[in-house]
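Welcome, and thanks for taking a look at this model. Please open the sequence and the 3D view side by side, and then let us walk through the chain together.

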Amino acid sequence: MKALVYKAKNAPLAYEDIDLPALCAGEVRVELKAAALNHRDNWITKGLYPGIRENIILGSDGAGVLEGREVILNPNIGWGENQRFPAPDYHMLGMPTHGTFAQAIHVARDRVHDKPAHLSIEQAALPLPADRLRTVLSLPPAGRREGADQRRRWGVAFVRPPVATAAGAEVHVTSGSAEKIERAKALGAAGGANYRDDGWARSLKAASGGFDVIIDSAGGPGFADLVRLTRRGARIGLYGGTLGNWQNVSPQTVFFNQIDILGSTMGSDQDFTEMLAFVNQHRIEPVVDRRYALADGNQALAQMDAGSQFGKIVLTI
């Protein structure tokens, strides 16, 4: 079968024929129809990810066909019994286990779930973010809100507004692109701020009154501004660090305001099941920015590296 295979650091993925290992007990073969890119794939190609091995098919997100039905894949492998954090040997599809940038994949049967009926096969190839599964669960516990009917304010950089608005939130977004902010508003965001503008954080706090939940995937110097944007009892969900370490974060703001900072690599299998139920209940449709053929996977990775996309980049297989 054809697949995109990692060969070496800073080298293009090889589009080549590869044979998967024989099916093990309890495994099934899923014929893949779509796979979505994540920044994880990009970091692996640059050698900036732990546990990298050569000759591995990349890709964590996938959707396809099993026994005549359309399915999506849970990319978690070996999360373990604790719902709060994964076991030491936990990993995801796409490194060091063969992933979804291929015509087929062998996975344990319990990794396979029915595709939400309202989604296309390409929209369904997005389970890894979801957004990072547990960002949906970063909502403050109901008992910590001031009233049962209080509308929670989400500040997100850059989570998909349909997920948060479906959860009953008033959503504001941050981006370095005015065009992306306007597109987010079209998807349901109440407002937004361009982090390239001077004083953007002060203006956003004045306009919104601060936030109960902030979702961040970048880290870096700007994280200090996110802390200052919180309301008392807020929660910050963090699932990435593309801009590096935090700088000048005020511990006083964190402890005086009783702020929770929640790190999330992924979520448990229970989280995955709850995420699917949430998507089905609210008929959430992920945003697909661009589609590439599997053979053009390196072009798709270059597009992701440029950072101009709005939504997910999907490989059609």
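Two rings of Phe, Tyr or Trp (for Trp, its six-membered ring) pair if their centres lie within 6.5 Å; a pair is called stacked with planes under 30 degrees apart, edge-to-face over 60, and tilted for the rest. A search of the whole structure, which is a predicted model, finds three aromatic pairs. A pair of aromatic rings is described by the distance of the centres and the angle of the planes.

Here are two of these pairs, with their values.

| Pair | Centre to centre | Between the planes | Kind |
|---|---|---|---|
| Phe223 and Trp246 | 4.1 Å | 5° | stacked |
| Phe255 and Phe256 | 4.7 Å | 50° | tilted |

Let us begin with the stacked pair, Phe223 and Trp246. Where do Phe223 and Trp246 sit in the chain? Phe223 belongs to helix α5 (residues 223–228), while Trp246 is found in the loop between β16 (230–238) and α6 (251–256). Is Phe223 buried or exposed? Phe223 counts as buried because its relative accessibility is 0%, below the cut-off of 20%. Trp246 has 38% relative accessibility and so counts as partly exposed, a class that runs between the 20% and 50% cut-offs.

Now to the tilted pair, Phe255 and Phe256. Phe255 has a relative accessible area of 48% and is therefore partly exposed. Phe256, at 57% relative accessibility, counts as exposed, because exposed means over 50%.

Strand β16 also deserves a visit, as it holds Thr230. This threonine, Thr230, counts as buried because its relative accessibility is 4%. Which backbone oxygen lies 2.7 Å from a polar atom of the Thr230 side chain? That oxygen belongs to Val227. Leaving aside residues up to four places away in sequence, Thr230 touches Lys205, Phe211, Ile214, Ile236 and Ile259.

Finally, step back to the whole chain. The protein chain has eight helices and 19 strands. Of its 317 residues, 52% count as buried. Among contacts with a separation of 6 or more, residues 24 or more positions apart account for 67%. The chain exposes about 14300 Å², and carbon and sulfur atoms supply 49% of that area.

Technical notes. Residues numbered from 1 in each chain as written. Predicted model: local features only at pLDDT ≥ 70, side-chain atom pairs only at ≥ 80, totals over all residues. Heavy atoms only, no water. Helix = DSSP H or I, 4+ residues; strand = E, 2+ residues; numbered from the N terminus. Buried < 20%, exposed > 50% of the residue type's maximum accessible area, 1.4 Å probe, protein only. Contact = heavy atoms within 4.5 Å. Areas by Shrake-Rupley, 256 points an atom, 1.4 Å probe, with all protein chains shown as cover. Polar contact = N/O pair within 3.5 Å; in protein donor to acceptor, adjacent residues only side chain to side chain.
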